Amino acid sequence: MEEYKNLKELTTKISNNLYNTINLLDILEEIVEGRRKEDFLISSMKKQVREAFDNIESCRQLISNPD
């Protein structure tokens, strides 16, 4: 596992991974097109990944603007 020098670098890497995962889920969504069970699972995963992405962005703001 790669070691990071600071939180900004780590949160940037996490954000990139989450963004790439959203893109992969978009591709998978096109492949399964219209299959209810698969579509439900993909939609649920995308929701979770987007929420994680938003949380990382909030974390990044807290790191850059400490109290």
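**Lys46 and the two helices**

A: Leaving aside residues up to four places away in sequence, Lys46 touches Leu25, Asp26 and Glu29. Lys46 belongs to helix H2, which covers residues 36-64. The model is a predicted one. Is Lys46 buried or exposed? Lys46 counts as buried because its relative accessibility is 8%, and the limit for buried is under 20%.

The secondary structure consists of two helices and zero strands. One of the helices is H1, made of residues 7-32, and the other is H2, residues 36-64. The C-alpha trace spans about 45 × 25 × 15 Å along its principal axes. The radius of gyration of the chain is 15 Å, whereas a compact globule of 67 residues would have one near 11 Å. Buried residues make up 15% of the 67 in the chain, and Lys46 is one of the buried residues.

Leu25, which Lys46 touches, is a member of the largest nonpolar core. That core has seven residues in all: Leu18, Ile22, Leu25, Val32, Ile42, Val49 and Ile56. H1 and H2 are the elements that give two or more residues to this core. The largest share, four residues, comes from H1.

Ile56 is buried because its relative accessible area is 14%. With residues up to four places away in sequence set aside, Ile56 touches Thr11, Ile14, Ser15 and Leu18. For Ile14, the C-alpha distance to Ile56 is 7.6 Å, although the two are 42 residues apart along the chain.

Which residues does Thr11 touch, not counting residues up to four places away in sequence? They are Ile56, Cys59, Arg60 and Ile63. Thr11 is found in helix H1, and counts as buried because its relative accessible area is 4%. Thr12 is also in H1, but Thr12 counts as partly exposed because its relative accessibility is 32%.

Tyr19 gives one more view across the chain. Tyr19 lies in helix H1 and counts as partly exposed because its relative accessibility is 48%. A distance of 8.3 Å separates the C-alpha atoms of Tyr19 and Val49, which are 30 residues apart along the chain.

The totals for the chain complete the account. Among contacts with a separation of 6 or more, 60% are between residues 24 or more positions apart. The accessible surface comes to about 5,700 Å², and carbon and sulfur atoms hold 55% of that area. The chain has 10 positive and 13 negative charges, and their mean positions are 3 Å apart.

Technical notes:
Residues numbered from 1 in each chain as written. Predicted model: local features only at pLDDT ≥ 70, side-chain atom pairs only at ≥ 80, totals over all residues. Heavy atoms only, no water. Rg over C-alpha atoms; globule rule 2.2 N^0.38 Å. Buried < 20%, exposed > 50% of the residue type's maximum accessible area, 1.4 Å probe, protein only. Contact = heavy atoms within 4.5 Å. Areas by Shrake-Rupley, 256 points an atom, 1.4 Å probe, with all protein chains shown as cover. Lys, Arg positive; Asp, Glu negative; His and termini not counted. Charge placed at Lys NZ, Arg CZ, Asp CG, Glu CD. Core = buried A, V, L, I, M, F, W, Y, C linked by side-chain atoms within 4.5 Å.
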